[in-house]
Amino acid sequence: MHTNALLDFSGLPRFDTVTPADVHPAVGALLTQARALVEQLTDDAVEASWETFAAPLSDCFEKLTRAWGIVCHLHAVNDIPEWREAYNRMLPEVSGFNAEIGQDLRLFAKYKALRNSSEYAELSMAQRRIVDHEIRDFHLAGAELPEDKKPLFKAITEELASLAAKFSENILDATNAFSEIVTDEAELAGLPDDVKQAARETAEKHFKASQDDESQSAPAWKFTLHMPSYLPVMQYADSRRLRAAMYRASATRASEFGPSQWDNTPLIQRILELRRDEARLLGYANYAEVSLVRKMAESVPQVLTFLRDLAVKARPFALKDMTELREFARLELDIETLEPWDVGYASEKLLQARYAFSEQEVKQYFTEAKVLAGLFHVIETLFGVCIRPDTAPVWHEDVRFFRIEAGSGDHAGQLIGQFYLDLYARETKRGGAWMDEAITRRRLSNNSIDSIQKPVAYLNCNFSRPVGEKDGMPRPATFTHDEVTTLFHEAGHGLHHLLTQVEELGVSGIHGVEWDAVELPSQFMENYCWEWSVVQEMTAHIDTGLPLPRELFDKMMAARNFQSGLQIVRQIEFSLFDMLLHSEFDPTVTDVGRSGVLDLLDEVRREVAVMMPPEWNRFPNSFSHIFAGGYGAGYFSYKWAEVLSADCYAAFEETGNAFDPATGKRYLDEILSVGGSRPALENFRAFRGRDPQVEALLRHSGMIPA
């Protein structure tokens with residue numbers, strides 16, 4: 001008899017036995033249980049206290065969240081038809097339940113009664129913050145709407161969840177559908193050997209799957225829009241035709257230029273309409289105002305001023321970067337008119353000419369095992385923990401599992417948390433890199449000896465897998481320095497989740513943290529990718545095993561802010577577009593096409609960008625961060641949090657030691673450990689002793705002298 005793995009909460013997720021057929025019965029049963037408990041707890045006889053009301057409600061909802069979280073995770077990392085169907089079948093029911101709970105006036109009344117009771121003052125800081133957040137969230141979920149408006153609000157919530165899932169699926173399907181088969185080896189000029197090897201292996205699999213023996217007999221190389229294939233072409237391929245073809249395919253993904261079933265254009269229109277309707281139902285002028293309720297930033301004008309002030313500082317550097325690049329391309333590469341598909345290629349050539357090294361040269365030193373050992377050493381040194389390999393059922397053979405233990409003192413060896421690491425790109429895995437939670441730290445309601453539930457995280461990337469062999473053995477994967485930085489970034493998110501000391505679910509780890517502060521720990525960790533002591537220890541050349549030479553590292557440091565102006569205005573462009581789209585754009589007056597969303601994007605580009613893409617570029621159609629990833633009217637959070645993270649790292653710089661023990665402990669205690677149990681600004685002030693300052697970010701970006 002098959003036991004439903006999604007209903008087993010005794011330990012880690014049962015990825016070895018869970019099946020798509022488990023989803024409907026398990027999630028359905030948990031929804032039924034949750035509704036029954038709500039009926040029980042909202043009875044007038046149940047006191048509005050923490051122990052009799054808030055705690056049992058949290059326990060019940062956590063089971064539903066954990067089970068549904070496994071389904072969401074598998075939909076993201078193993079998006080085969082069976083899992084997609086199982087996910088989409090239950091998505092409306094889960095979304096509907098969440099909307100229903102968010103509008104339950106009986107629950108709302110209980111939380112307000114708890115907030116107004118004498119017990120509230122006796123609750124812990126974390127518990128009080130949870131109660132405050134619940135009251136805020138009931139308002140944002142439409143609990144205070146007239147009864148005749150609630151069904152509409154619920155329908156909006158459900159449709160938005162469905163549209164976000166479809167938006168993401170369309171991008172993945174459109175990405176997988178495209179390939180560029182190269183049969184003329186001359187077109188591979190400039191590409192690194194490992195990239196060509198990967199393309200050759202991909203082509204062989206392609207022809208084997210299609211059973212096209214005739215085509216298979218001729219040498220061929222297959223390139224795709226997955227980042228490990230796409231980025232090296234844009235950076236190294238001498239063939240301008242190949243670069244242009246790849247760029248156009250990427251820039252028009254999920255748009256009207258491809259199959260209509262994957263066109264995200266109507267989805268964008270509908271998402272914007274629904275978000276506007278949701279905001280107006282709640283009494284806000286626009287969706288951006290709704291989004292900011294859960295953030296540090298207080299108003300749309302404040303965010304716009306922040307972005308535009310940063311643009312004023314960065315744009316002169318970006319203009320200088322672009323002028324130099326155009327001149328270099330014209331004089332050295334015989335590219336008279338620099339096009340977007342030339343930028344990555346020309347930039348790499350300019351980097352090599354100016355600093356006498358290439359990204360590919362550096363990549364040979366960042367072998368996977370050494371990178372992971374280096375990352376773990378940084379974490380262990382900073383925070384006094386130990387990271388060990390561990391075992392658990394996984395969803396793919398590439399996935400590894402680790403445990404974090406206390407490193408010293410009376411608790412040495414005690415389990416703190418665990419995490420899965422899924423590094424490589426796959427066709428069934430959504431693009432990008434992200435951290436997500438599997439289990440959240442909390443105090444259990446039972447009286448067992450070990451009454452603290454240990455946190456578990458997923459760390460997901462899309463790097464190149466190992467290719468080729470040497471002496472009969474598989475060669476290790478190698479990562480670009482950018483990929484190493486991405487890994488450190490996601491590890492920072494993971495540490496925020498795993499090293500929390502908060503025992504209440506609603507504000508444990510990343511829970512309850514303002515969205516524009518949640519990137520602080522991730523961006524903070526990126527700085528260690530630029531510390532010589534770290535780089536030296538986490539590099540070993542793929543052929544010689546030697547560490548990265550100091551001379552090469554010095555060249556990297558000299559080039560650290562190479563084109564930083566271009567990079568910053570690109571982020572500002574995305575952030576401004578997102579904020580204006582959700583504050584000033586009216587989707588009922590204008591549409592997504594040239595008279596609407598794209599025109600707004602052009603306006604933003606004219607204000608801050610230094611290169612205009614082609615008219616056919618459809619960037620919004622794959623902007624999953626704001627349409628499917630929770631960053632709607634919140635993309636500015638990356639730059640906002642970067643101010644915080646740079647200032648936090650400056651505290652270490654001021655000691656002269658990136659691993660200063662006292663500063664590391666203070667960072668752990670005041671930023672990571674407290675999670676969302678107090679406002680992020682208070683966390684920052686407790687660590688830094690003052691409000692954030694932008695100077696560290698400008699200095700790290702090369703915009704003011706060090």
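Biologist: Which helix does Gln571 lie in?

Modeller: Gln571 lies in helix α21, residues 564-581. A helix here is a DSSP run of H or I with at least four residues, a strand is a run of E with at least two, and both are numbered from the N terminus. This is a predicted model, where local features need pLDDT of at least 70, side-chain atom pairs count only at pLDDT 80 or more, and totals for chains, interfaces and linings use all residues. Residues are numbered from 1 along each chain as its sequence is written, and side-chain values use heavy atoms, leaving out hydrogens and water.

Biologist: Why is Gln571 called buried?

Modeller: Buried means under 20% relative accessible area, exposed means over 50%, and partly exposed is in between, with a 1.4 Å probe and protein chains only. Gln571 has 19%, so the residue counts as buried.

Biologist: What does Gln571 touch, not counting residues up to four places away in sequence?

Modeller: Gln571 touches Tyr635, Tyr638 and Lys639. Contact means heavy atoms within 4.5 Å.

Biologist: How do you know that His497 is buried?

Modeller: The relative accessible area of His497 is 1%, so this residue is buried. His497 is found in helix α17, residues 481-498. Leaving aside residues up to four places away in sequence, its contacts include Met435, Ile439, Pro455, Val456 and Ile510.

Biologist: What lies 3.1 Å from a polar atom of the side chain of His497?

Modeller: That is the backbone oxygen of Val456.

Biologist: Now to charges. What makes Glu158 and Lys154 a salt bridge?

Modeller: A salt bridge is a side-chain nitrogen of Lys or Arg within 4 Å of a carboxyl oxygen of Asp or Glu. The closest N and O atoms of Glu158 and Lys154 are 2.7 Å apart, and the pair forms a salt bridge. Side chains of opposite charge can pair when their charged atoms come close. The two residues are four apart in helix α6 (residues 150-177), so about one helical turn separates them. Glu158, with 21%, is partly exposed, and so is Lys154, at 26%.

Biologist: How many salt bridges does the structure hold?

Modeller: The structure holds 53. One of them joins Glu368 and Arg400, whose closest N and O atoms are 2.2 Å apart. This pair links distant parts of the chain, 32 residues apart, with Glu368 in helix α16 (residues 368-383) and Arg400 in strand β4 (residues 400-406). Glu368 counts as buried because its relative accessibility is 7%, whereas Arg400 is partly exposed with 28%.

Biologist: Which residue forms a salt bridge with Arg465?

Modeller: Asp398 does, with the closest N and O atoms 2.8 Å apart. Arg465 lies in the loop between β9 (456-463) and β10 (469-470), and Asp398 in the loop between β3 (385-389) and β4, so the pair ties together parts that are 67 residues apart in sequence. Arg465, at 31%, counts as partly exposed, while Asp398, at 13%, counts as buried. There is also a network of salt bridges linking Asp59, Glu62, Arg66 and Arg442.

Biologist: On to the sheet. In what order do the five strands stand in the open sheet?

Modeller: The order is β3-β4-β5-β9-β6, with mixed pairing. Two strands pair if DSSP finds at least two bridges between them.

Biologist: Why do β3 and β6 stand at the edges?

Modeller: β3 and β6 (434-439) each have a single partner strand, so one side of each is left without a neighbour in the sheet.

Biologist: How many bridges join β3 to β4?

Modeller: Five bridges join these two strands, which run antiparallel. In one of the pairings, Ile387 has Ile404 in β4 as its bridge partner. Helix α17 packs on the sheet, touching β4, β5 (415-424), β6 and β9, and its direction makes about 170° with that of β9. For such angles, axes are lines fitted to C-alpha atoms, for helices over the stretch in contact, and the angles run from 0 to 180 degrees between N-to-C directions.

Biologist: What makes Gly283 exposed?

Modeller: Its relative accessible area is 66%, so Gly283 is exposed. Gly283 sits in the loop between α11 (265-281) and α12 (287-292).

Key. A polar contact is a pair of N or O atoms within 3.5 Å; within protein, one must be able to donate a hydrogen and the other to accept it, and residues adjacent in sequence count only if both atoms are side-chain atoms.
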